[in-house]
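The sequence and the model come first.

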Amino acid sequence: MLFTILKWLDANVEKAIIIISYFIMSMIVFVEVIKRFCFGTQSPWSTEIPIYLFLMLAWIGCAYNAKVRTHLTFSDVRSRLPRFWQFFCLILDYICWVSLAVIVIYYTVEQVAISRNNYAMITGTDIYVWYFYMSTPLGWALTIYRVTQNLFKDIRNYRNGRPLIETPDFAAAGE
């Protein structure tokens, strides 16, 4: 049972978070626009929470796109390279992703700590801002996990003689 849950999370965690965040963000904006134009009122938190949800959407979306390799990869150019150089480019990608992620995590954890230590709250709520700020280091940690999965897959493919560079099918990636 636990293995089934973990397997489902591995396959769907980013999509679930993205869909839920986008839905909540859209509903808040929709309801608050109606309240503003029809009733002349607005919730004090309605301009902050969608921005924080977008932060979550962006960094979890980054991890998802790293997972399915729909980020900027120059696949057409790389597919014309000899096999060793294709593998070298994939390893270089991995090094760049992890290096950037470590830098981002290092500096954003500090920002989360500052926000947490100052008890910063979203205007008009009892929700701490750092809950949303945590989405940045968590999103980048998830990105490290996803590119590491891709690294192991690339090593297996290289050793077994399978193709290394696949031109992404953007229609299939959205499914």
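A salt bridge is here a side-chain nitrogen of Lys or Arg within 4 Å of a carboxyl oxygen of Asp or Glu. The model is predicted, and the structure holds five salt bridges. In one of them, the side chains of Asp10 and Arg146 meet at 2.6 Å, N to O. Asp10 belongs to helix α1 and Arg146 to helix α6, so this pair ties together parts that lie 136 residues apart in sequence. Side chains of opposite charge can pair when their charged atoms come close.

Two packed helices are described by the angle between their axes and the distance between the axes. Helix α1 covers residues 2–39, while helix α4 spans residues 83–117 and helix α6 residues 135–160. The table gives the values for two helix pairs.

| Helix pair | Axes come within | Crossing angle |
|---|---|---|
| α4 and α6 | 9 Å | roughly 165° |
| α1 and α6 | 12 Å | roughly 130° |

Angles over 145 degrees count as roughly antiparallel, and α4 and α6 are therefore roughly antiparallel to each other. Their crossing is left-handed. In the contact of α4 with α6, the residues divide into 21 nonpolar, five polar and two charged. Helices α1 and α6, by contrast, are oblique to each other. The crossing of α1 and α6 is left-handed.

Which residues form a nonpolar patch on the surface? They are Ile20, Phe23, Ile24, Met27, Phe30, Val31, Ile34 and Phe39, which together have about 780 Å² of accessible area. Of these residues, Ile20 has its place in helix α1.

Technical notes. Residues are numbered from 1 along each chain as its sequence is written. This is a predicted model: local features need pLDDT of at least 70, side-chain atom pairs count only at pLDDT 80 or more; totals for chains, interfaces and linings use all residues. Side-chain values use heavy atoms; hydrogens and water are left out. Axes are lines fitted to C-alpha atoms, for helices over the stretch in contact, and angles run from 0 to 180 degrees between N-to-C directions. Helices (H or I, at least four residues) and strands (E, at least two) are DSSP runs, numbered from the N terminus. Angles under 35 degrees count as roughly parallel, over 145 as roughly antiparallel, 65 to 115 as roughly perpendicular and the rest as oblique. A crossing is left-handed if the near helix is turned anticlockwise from the far one by less than a right angle, and right-handed if clockwise. Ala, Val, Leu, Ile, Met, Phe, Trp, Tyr, Cys and Pro count as nonpolar, Asp, Glu, Lys and Arg as charged, and the others, Gly among them, as polar. Patches are made of residues with over 30% relative accessible area and no salt bridge: like charges are joined within 9 Å, nonpolar side chains (Val, Leu, Ile, Met, Phe, Trp, Tyr) within 5 Å. Accessible areas come from the Shrake-Rupley method with a 1.4 Å probe; for residues, only the protein chains shown count as cover.
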